[in-house]
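Please keep the sequence and the structure in view while reading.

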Amino acid sequence: MLKHPFYKYSFCLLLIVDIAYALAIVITNSAPISIDTVIASLVWFATFYWIPVWAAAALIFQLRKNGNKKIALEWLIAVVFMATGNVVTDHVLVSLYDDYRPLGVFVIFNGLIWGSCIYCICIYIESKKKVAIEEHSRKKAQLATLRYQLNPHFMFNSLNTISAYIHTNPDLADEVLHELADILRYSLDTAEQTLIPLEQELAIIEKYLNIEKARFGEKLQVNYTLPEQLKSIHIPPLIIQPIIENAIKHNAQQNSLTVNIELTVIDSLIRVKVSDNGIGFNEHVLKHGYGTGVGMKNIQQRVSQLGNSKITLSNNNGAVVCLELVV
């Protein structure tokens, strides 16, 4: 039970509060720090802050474990334990110091104030943490949905290529079918992974390009600019392939198409630049980041979920897509 993060963080925070409170009293009274001051401070920390808070938390966690979560009851437990701790603190300090003045009935108000404050702060932190977890889960689900949207889209294009060769060139059709199977298996294998080695992603891109080269033949050329040390870095799976697919799909009528893939690293930023010598983006795509198709819209949405990453589109003797990923 003590493995719960509440105990570690509460101990540190309560110790800081106790030290700050003791120093405030010393400064206010213009008195030097003495052994008695340190002992009194330790008594307050142990019997008023630490033990009552942990005891109340243990009871509340046990009630929650049994399916009994009621805010009013939990608040009452916090207040009662803090008030009880104040009573114990009062008795200990009275026995240690003759000049100590008991708090009397004020222990109830002290317990009410401190119990309410600590409980409300804990509830607020819990609610913020719950929201953060839900947001993370929502983003994870959205990313998974976007990933799975690519599968039928890509499969449709690849099956068209297989269909075109299944009678005229069965061996090539069989080869393309195996490449497609490898890609789809990779997509399933990495479905739960947020990051994969770049080298692994490049291997899948090669398989995809083999499928496209079977379709376009010699008119498709692909150039890589990739420093060797970059192959060990990790990136989100299937984040580059759709950009390359988009470049090929929108320039399928070209007599000759060259796609350039350039990867560089600037500090903790990976820059992936995919350019081609095709028709470029129209004004609508440049303005909105995507057109009527699935590919670029999907990529834009995925990148927006990653945080601190961005994708920009431009024209320079063809289309240029610049993807920046923080790693």
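Helix 6 (residues 198–216) and helix 7 (residues 241–249) pack at an angle of about 15 degrees, and their axes lie 10 Å apart. Here axes are lines fitted to C-alpha atoms, for helices over the stretch in contact, and angles run from 0 to 180 degrees between N-to-C directions. Helices (H or I, at least four residues) and strands (E, at least two) are DSSP runs, numbered from the N terminus. The model is predicted: local features need pLDDT of at least 70, side-chain atom pairs count only at pLDDT 80 or more, and totals for chains, interfaces and linings use all residues. Residues are numbered from 1 along each chain as its sequence is written, and side-chain values use heavy atoms, with hydrogens and water left out.

Helix 6 and helix 7 are therefore roughly parallel to each other; angles under 35 degrees count as roughly parallel, over 145 as roughly antiparallel, 65 to 115 as roughly perpendicular and the rest as oblique. From helix 6, the contact is made by Glu201, Ile205, Tyr208, Leu209, Glu212 and Phe216, and from helix 7 by Gln241, Ile244, Glu245 and Ile248. Contact means heavy atoms within 4.5 Å. By class, six nonpolar, one polar and three charged residues take part in this contact of helix 6 with helix 7; Ala, Val, Leu, Ile, Met, Phe, Trp, Tyr, Cys and Pro count as nonpolar, Asp, Glu, Lys and Arg as charged, and the others, Gly among them, as polar.

Five strands form an open sheet with mixed pairing, in the order 2-4-5-7-6, where two strands pair if DSSP finds at least two bridges between them. Strand 2 (220–225) and strand 6 stand at the edges with a single partner strand each, so one side of each is left without a neighbour in the sheet. From one strand to the next, the twist averages 15 degrees. Helix 6 packs on the sheet by touching strand 2 and strand 4 (257–266), and its direction makes about 165 degrees with that of strand 2. Helix 7 lies across strand 2, strand 4, strand 5 (269–276), strand 6 and strand 7, running at about 155 degrees to strand 4.

At one end of the strand order is a hairpin, formed by strand 6 and strand 7 with three residues between them. Strand 6 (residues 310–315) and strand 7 (residues 319–326) run antiparallel and are joined by six bridges. Within strand 7, cysteine 322 stands opposite threonine 312. Asparagine 317, found in the loop between strand 6 and strand 7, has a phi near 55 degrees, a positive value in a residue other than glycine. At 71% relative accessibility, asparagine 317 counts as exposed; buried means under 20% relative accessible area, exposed over 50%, and partly exposed in between (1.4 Å probe, protein chains only).

Elsewhere, valine 80 is found in helix 3 (residues 71–96) and is partly exposed, with a relative accessible area of 43%. The C-alpha atoms of valine 80 and leucine 112 are separated by 7.8 Å, although these residues are 32 residues apart along the chain.

For the protein chain as a whole, the secondary structure comes to nine helices and seven strands. Of its 327 residues, 39% are buried.
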